[in-house]
Amino acid sequence: MASFELRPLSDAIGVEVIGIDLREPLKPDVVKAIEQAWYDHVIVLVRDQDLNLDQQHAYAANFGKVAVRSQSSATEHEKKTSNTVMLITNVRENGNPIGTLPDGEMMFHSDTPYYEKPLKATLLYAIDIPSRGGNTLFSNSYKAAETLPEDLKARIGNRKALHIYDYGNQNKTDDSYDKSVHPHFAHPVFRRHPETGRSALFVSELMTEEILGVSPKESKELLQMLFEHQRKQEFVYEHKWRPGDILMWDNRCSVHARTDFPSDERRMLRRITLEDEHPVLAGEPPTPETAAP
């Protein structure tokens, strides 16, 4: 049997795996146990790891196919590092960021919902962390869906929402998006997880533009209610990074955000992602009978 400990990160979401060394290959029973913990808790943290890129890749590959990143938004430094890597960093060379998303806070979002096949998972490894801020907030999209008022669930029903993103914008405004320029795709508001069968709320403040099939006024009203609900503290865990943390989250049933941090302090995290072997599945508005215990 797997010989490690699981410790909840919060009542809302997340679990820490204690007692493994990711520099070494994991045994199949350990992989299976971690994967089940991930399905059960949505995000999985391992602390105090000293990983090179190959070791991070090897850990990720236990859970799926490592995704090749679109090179159109990659910096030259990232391209030289690997075609799978995004460096989340404010480090600059000759005045230019060597990575992506360098500064400031970010609204809640999942990764790449504006594509037909969004990413399955994201793995972020902490290298340099500022003295304060730059924390990542995670909201449990299962719990957000399950606790919506029944009248709101009925209004949404089986509708889809349009997701779109401007890579130059970390905070959405009313005029952020031009559909002729930016990638976009419509997915079910309630998304069924292919492994757990549970329905999650699949919208986010940063990347969801409209709910289809209703008036613009009603779409804006519905999304505002969903975004406010999603931010409730009862669904959220705030992760305060330490160097050596590696955290894997499920993009199908969570959203994440970033808090601000000092721009003059170094912050660097190494990001790789997993492709989803499943298409996006429509879910039903969850009921008490379909919610997990």
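Trainee: Which residue in E2 stands opposite arginine 7?
Mentor: This is a predicted model, in which local features need pLDDT of at least 70 and side-chain atom pairs count only at pLDDT 80 or more, while totals for chains, interfaces and linings use all residues. Residues are numbered from 1 along each chain as its sequence is written, and side-chain values use heavy atoms, with hydrogens and water left out. Strand E1 (residues 5-8) and strand E2 (residues 15-18) run antiparallel and are joined by four bridges; helices (H or I, at least four residues) and strands (E, at least two) are DSSP runs numbered from the N terminus, and two strands pair if DSSP finds at least two bridges between them. In E2, the residue opposite arginine 7 is glutamate 16.

Trainee: Which residue in the hairpin of E1 and E2 takes a positive phi?
Mentor: Six residues lie between the two strands of this hairpin. The phi in question is near 100°, and the residue that takes it is glycine 14.

Trainee: Is the pairing of E2 and E3 parallel or antiparallel?
Mentor: Strands of a sheet pair through backbone hydrogen bonds, in either sense. Valine 15 stands opposite valine 44 in E3. E2 and E3 are joined over two bridges, and the sense is parallel.

Trainee: Which residues line the largest cavity?
Mentor: A cavity is found on a 1 Å grid over the protein atoms alone, as a set of points where a 1.4 Å probe fits but cannot get out, and lining residues have an atom within 4 Å of a point. The structure holds one cavity of 30 Å³ or more, and the space in the largest is about 40 Å³, where grid points are joined across faces, edges and corners and a volume is the space filled by probe spheres set on the points. The lining divides into five nonpolar, five polar and no charged residues (Ala, Val, Leu, Ile, Met, Phe, Trp, Tyr, Cys and Pro count as nonpolar, Asp, Glu, Lys and Arg as charged, and the others, Gly among them, as polar). The lining residues are Ser110, Pro113, His163, Leu201, Phe202, Val203, Ser204, Asn251, Ser254 and Val255.

Trainee: Which element gives the most to the lining of the largest pocket?
Mentor: A pocket is an open set of grid points with protein on both sides within 12 Å along at least five of seven lines. The largest pocket has a volume of about 680 Å³, and of its 36 lining residues the closest to the centre are Met86, Asp111, Thr112, Leu119 and Arg271. Strand E4 (86-89), E7, strand E17 (254-258) and E18 each give two or more residues to this lining. With four residues, the element that gives the most is E18.

Trainee: Is threonine 273 buried or exposed?
Mentor: Threonine 273 is found in strand E18 (residues 268-274). Leaving aside neighbours within four places in sequence, threonine 273 is in contact (heavy atoms within 4.5 Å) with Lys65, Val66, Ala67, Leu119, Ala121 and Thr122. Buried means under 20% relative accessible area, exposed over 50% and partly exposed in between, with a 1.4 Å probe and protein chains only. Because its relative accessibility is 6%, threonine 273 counts as buried.

Trainee: How far apart are the closest N and O atoms of aspartate 245 and arginine 47?
Mentor: The structure holds 19 salt bridges, each a side-chain nitrogen of Lys or Arg within 4 Å of a carboxyl oxygen of Asp or Glu. Aspartate 245 and arginine 47 are both buried. In their salt bridge, the closest N and O atoms are apart by 2.7 Å.

Trainee: Which residues join Arg252 in one network of salt bridges?
Mentor: The side chains of arginine 252 and aspartate 250 meet in a salt bridge of 2.9 Å, N to O, and both residues are buried. Through salt bridges that share partners, Arg252 is joined into one network with Arg191, Asp250 and Asp276.
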